[in-house]
Amino acid sequence: MDQSPIHLEQLRDAARRLAGLALRTPLLPLPGLSGALGGELFAKPEYLQPTGSFKLRGAANALLQLDPAQRARGVIAVSTGNHGRAVAHMARRLGIPCSVCMSALVPANKREAVASEGAELRIAGRSQDDAQREADRLVAERGLTPIPPFDDAAVIAGQGTIGLEILADLPAPDRVIVPLSGGGLVSGIALAVKTLAPRTRVIGVSMDRGAAMQASLQAGRPIEVEEQETLADSLGGGIGLANRFTFRMVRSLVDEVVLVSEAEIAAAIAAFYRREQIVTEGAGAVGLAALMAGRLPPGGRTVLVVSGRNIDMDLHHRLAGSSPALAHPSAVAVEA
Ligand SMILES: *Cc1c(COP(=O)(O)O)cnc(C)c1O
């Protein structure tokens, strides 16, 4: 724990700040899936948050710590997805001007989701790198404060409030299974869990297509991997070659990282819907995918952090409608 510059007290402060802004989500028993898979499964339903993902927690905790001058100048995020949406939503609620940078290649529906939260959209270039350069320019020119998606102490502490809530409802689960991309979510949760319930295992799950954290752990330092299209689109992207917090936190606090295939993610999206009537996006279903595919053993009291639900509903309909619940993953046809 000494390696971590973030402490439990920062998570508790975050929990106080978030009261009334982020939902205090319950732990939902999953009787249908528990019956099918064995053990006692619970969902931490972060898809219930106002923007459909947990990202609101970290965004709110970061925004609430800005000083008045920073608030007046405004904030900026580079994100086409759940982070950009969450920052825009919270900034509007707090009366802070917000810009979101994205490349011209981002599809219209994603642009609209961010614009509908009231942020100024800056379309720059044709890649994520171009969007980042535009953000850097605006930070220099207008003094906007960047709100990072994961590698930031305030963001990690905000996501860590999920861990505090889980343990308040179930003091010592056998394991907590967490979707993993840049690692802000699992770092915050693992900090809470390993401090308060050290015998509870914390497991990170990524898709096998472009799992940057897993590749970095194996290399012993942050490395880049090629980004690939995946059903777990919210888990895409790197961890940053100059990673400050999450690489070390994942290495020291997370017990195990497992990877799942596209077919396994598809089967889990279908099973959540057919066994529990839960709509989840690919990233939110990777933990269940790992259990269903036998990549993690069954049994015990297991909390699945279901991180988001922002999926194209036509895609969801195809996945949920076409596959018999809990069918072997190889039976599920997935579009590339
Ligand atoms: C961002 C995101 C994740 C991964 O969070 P990290 O902090 O980057 O590991 C998982 N699920 C959803 C739905 C997300 O939006």
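A crossing of two helices is called left-handed if the near helix is turned anticlockwise from the far one by less than a right angle, and right-handed if clockwise. This is a predicted model, in which local features need pLDDT of at least 70 and side-chain atom pairs count only at pLDDT 80 or more, while totals for chains, interfaces and linings use all residues. Residues are numbered from 1 along each chain as its sequence is written, and side-chain values use heavy atoms, with hydrogens and water left out.

H9 passes H11 in a left-handed crossing. Next, display the side of H9 that includes Val186, Ala190 and Leu191, together with Thr246, Met249, Val250 and Leu253 of H11; these belong to the contact between the two helices (heavy atoms within 4.5 Å).

Now turn to the sheet. Which order do its six strands follow? The sheet is open, has mixed pairing and runs S1-S2-S10-S7-S8-S9; two strands pair if DSSP finds at least two bridges between them. Strands S1 (28–29) and S9 (256–260) are at the edges with a single partner strand each, so one side of each has no neighbour in the sheet.

Then select S7 (residues 175–179) and S10 (residues 301–306), which pair in the parallel sense over three bridges. Within this pair, Val176 stands opposite Val303 in S10.

Notes:
Helices (H or I, at least four residues) and strands (E, at least two) are DSSP runs, numbered from the N terminus.
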